[in-house]
Amino acid sequence: MITIEQARRLRKAVALWVPGAGDRFVVPDRDMDEDVFVVSDMTVEVHDYPGGKVIGFNGTTEWALDSIEQREVVWLPREEQLRALLGPRFVRLEAVPGGFAVVLTDGDDTSRFFAADAEQAYAEALLALLNG
């Protein structure tokens, strides 16, 4: 899983998120940074309102939060979501000593982005693309 810090950097770099079932997110700065939530039709749903998207929590009587605006949460994209965002620049994922490397191409040039976790390597590659 990518780190919250990487997720914050992705949001700042304008990695667009359209919430859908199976998406992971955290609610930062409310003493819940370690709690990962998953959008699900059963417990966490996304509602479209004129003012924007709202993430609703169903059946959470033990927690005093019925819903939260999308802009208040931080998306933790999964490996396949990160790979899709890399688009045609993505070449491959390599197992390397100590972790993984994501290889991107830009014509004749290739770049490698390393991390201990595959999703974190994808996130670093995407951050490099988004930040130019």
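Q: What makes Glu79, Leu82, Arg83, Leu85 and Leu86 in H2 residues that meet H3?
A: Contact means heavy atoms within 4.5 Å, and by that criterion these residues of H2 meet Ala118, Glu119, Tyr122, Ala123, Ala125, Leu126 and Leu129 in H3. The helices are DSSP runs (H or I, at least four residues; strands are E, at least two), numbered from the N terminus. The model is predicted, so local features need pLDDT of at least 70 and side-chain atom pairs count only at pLDDT 80 or more, while totals for chains, interfaces and linings use all residues. Residues are numbered from 1 along each chain as its sequence is written, and side-chain values use heavy atoms, with hydrogens and water left out.

Q: Why are H2 and H3 called roughly parallel to each other?
A: The axes of H2 (residues 79-86) and H3 (residues 118-130) cross at roughly 25 degrees and come within 9 Å. Angles under 35 degrees count as roughly parallel (over 145 as roughly antiparallel, 65 to 115 as roughly perpendicular, the rest as oblique), and H2 and H3 are therefore roughly parallel.

Q: What makes strands E3 and E5 stand at the edges?
A: Three strands form an open antiparallel sheet in the order E3-E4-E5. E3 (44-49) and E5 (67-69) each have a single partner strand, so one side of each is left without a neighbour in the sheet.

Q: How do you know that E3 is joined to E4?
A: Two strands pair if DSSP finds at least two bridges between them, and six bridges join E3 to E4 (residues 52-57). For Val44, the bridge partner in E4 is Phe57.

Terms used
Axes fitted to C-alpha atoms, helices over the stretch in contact; angles between N-to-C directions.
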